[in-house]
Every structure is written in structure tokens, then in C-alpha cells.
Amino acid sequence: MSAQADRGIGPVEIVGAGLIGTSIALACRRAGIEVLLSDVAPEHLRTASGLGAGRAREDGDVARLVVVAVPPDHLGEAIRAALDAAGPETVVTDVGSVKSGPLAAVEGHPAVSRYVGSHPMAGSERSGPLAASASLFDGRPWAITPGGGTSPDAVHAVERLVEVCGAVPVRLSPSEHDRAVARTSHVPHLLAALVAGTLAGAPPQHLALSGQGVRDVTRVAAGDPGLYSQIIGANAIAVTNLLAELQQRLDLAAEAVAAGDRDGLASLLAHGVAGTRAIPGKHGGPLQAMATVWVSVPDHPGELARLFADAGESDVNIEDVRIDHDPGRPVGLVELDVAADRATALLDALESRGWDAHR
């Protein structure tokens, strides 16, 4: 490893002070790293600077690491511009959702060995610098996708950035990354949007029956349509291939339902169960057998805090929490996911403290 790689990664320049860019800037500032900010929108620069994410880049500033965090349609151009303007040892990375396209856009550039694609798997339905957080990436996977001729020192600099941001590095080739995000992010988002679209013109009496299930399926559909059309469109090959597989399954499902083929339908549903079990469990470990305890919680200040305090007294670890609101009463139904062998202990503890709970 060269002396350059040992000197640290600052100053870091963030090109694009939106949600992701500003969150990276805040994480770097949390670690005491100097941050330079640039953005075509002056209001984003003012907001990010006001949040303490860094200062506006000035002529003569030279960053050791440039992070390009612009919308997908502008990634290739922005990465090339960053390489053109970079110092002789400056490393450039981007945080776009697709990795093959940006690498192809800089192929042949004289400084391409100092470009490393990357992609933090974190975000929000919200956008802009006001939605940013220094802890956005804590514990989250962050793909690092070097090309064939990428400098090891450049890869090391991006790995240091991932470490500073509290994320977990995952090394993939650009093409493998694009297939992975099509499966785990892009196609699920597209399908969530299609399901949510069936609700847009639904009669009010239908929507009155909405429960947590439809909210779970459609939550990510609230993302910015302009941004996600760019993201999904930039990964066209991987997304199209996966949609073709899904089309076959949709056809099978339609045939099974129309024909009353319960066995065929059960087979498709069982395949879905197998898919849920393939998702890594807590901290990336094996999927743990879980059970849900439902608790009715009055919609008053302090009730959730009281519930969590009582749950804490039970010495049962809460693995996940969801809240569904009863449309007919001022009550929320809180779903507490716990290890299956601890559900009875939690239920007994909550009932002994006066909570209306059931499994």
C-alpha cells in the first residue's frame, strides 16, 4: 500500500448535496474530515452547509476523494468532469444505483484507474439535504465495484469512506451488482408502484379495509417517480430479464386462479415463502424463527413509551415493530416481532401489566 493510501481520505468533495451526498458529508464531518460541497442548486448548498455538512468548494481546493452523488442521468458526465478536474492522486467514486453504465462512460479516460464505483444500500422515501443524516448508513451494506484496471489504492480509499460512514463493504463486479439490485431493489420498487396504482382510483369503502399488509407492499412506491424512472431505466437489461421471469409467474398465477387450481396456486405461494426465508436475517445471519405479538395501544401521548418500557421489563428482545391504525377507533395495533420461543413470555408479561395483547 502506498503512502497516499495511508494519509486518510480528506478533504472529501461531495458533488451533489441531496439526501445521499449530504448524509455522506455529515458522516465525514462526524469523523472530523474536511468536506467540500458542490451542487448545481445553490439552495442545496446553503442548506447542506447550514446543517454542518461542510463548506462550498472554492477555486484552488483539491480533494483527495471526490464522491459524485448526482441523479443517474448525469452520472457519467459528472464522473468524467470530476476526473478531468481532479489532482494527480485524487480518487473519484460515485454512489449511483447502477454501476455498469458509469464505468462504461469513463472507459478510456486517462485517470480511469482512480475511479471506483460504489453504492450505499440506504435511503429514504424523502429526498433533499433536509432529509440527510450522519447515521443513514450505519450497519448498512455498501457495494464497492472496481473495474478491471482500478488502482488498489483507489479501492482502499473508498473502503475507508465506507468505514467512516459506518457501513459494511460488499465487493462485487459492476455487472453482478446491477443484477443484484434489480432483484433486491429495482424490480420490487416497480412492482410496489404497480400494486399501489390499483389503489389510486379505488372506492373509499374499499380503502377503508386497508391494513398493514397493503402498507408493507406499497411503502417504497412513495419514492420520487422522476428519480426512480432514471434508476430503473439505467438498469434496463437486468430489470427486463427479471421482469420476463416474473411475467411467467404472473401468467401461471392467473391461470391457476381462473382454473381453481389450488395446488398450482399453493405451489406459487410456497415458492414465495421460500424467497422470504432466503433474505438474510438480523446482522446478516441466518433467518430466525419469529412470532408476532399484537398489542392494542391507545392513540395518546406516552402510550408507546409505556409499552416499550413494559416490554423491556419482560427481558424479551423486540426484533421489529410495526403500527397499524384502527380506522374505527382511536387505537393503534402495534405488532411486536420477537423470537418464536420468547413470544409467550412477552405476551404474559404485557397482559400482567394490563395491556390488551394477543398472538
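Predicted model: local features only at pLDDT ≥ 70, side-chain atom pairs only at ≥ 80, totals over all residues.
Packing comes first. The largest nonpolar core takes in 40 residues, and Ile 24, Phe 137, Trp 142 and Leu 161 are the ones that touch the most other members. As for where that core draws its residues from, the elements giving two or more are the strands β1 (12–15), β2 (35–38), β4 (65–68) and β7 (141–145), along with the helices α2 (19–30), α3 (42–50) and α6 (152–164). Another core, of 16 residues, lies apart from it; Val 295, Val 316, Leu 346 and Ala 357 are among its members.

Next, the strands around β5. In a regular strand, side chains alternate between the two faces of the sheet. Strand β5 (residues 91–94) has Val 91 and Thr 93 pointing one way, with Val 92 and Asp 94 pointing the other, and all of these are buried. On one pairing, β5 runs parallel to β4, joined to it by four bridges, and Val 92 of β5 sits opposite Val 66. To get from β4 to β5 the chain goes through helix α4 (residues 75–85), in a β-α-β crossover that is right-handed. β5 also pairs with strand β6 (residues 115–120), again in the parallel sense, over three bridges. Here Thr 93 is the residue opposite Val 116 in β6.

On to the cysteines. The model has zero disulfides by the distance rule used here.

Last up is helix α7 (residues 174–197). At 1.5 Å a residue, its 24 residues should span 34 Å, and the C-alpha atoms at its ends are 32 Å apart, which agrees. Even so, α7 carries a kink of about 50°, centred on Ala 182. Ala 182 is itself one of the buried residues of the helix, and the others include Val 181, Val 187 and Ala 192 as well as His 177, His 186 and His 189.

Note on methods: Residues numbered from 1 in each chain as written. Heavy atoms only, no water. Core = buried A, V, L, I, M, F, W, Y, C linked by side-chain atoms within 4.5 Å. Buried < 20%, exposed > 50% of the residue type's maximum accessible area, 1.4 Å probe, protein only. Pairing = 2+ DSSP bridges. Right-handed = clockwise from strand over helix to strand, strands pointing away. Disulfide = S-S within 2.5 Å. Expected span 1.5 Å × (residues − 1). Bend = angle between axes of the 7 residues up to and from the residue.
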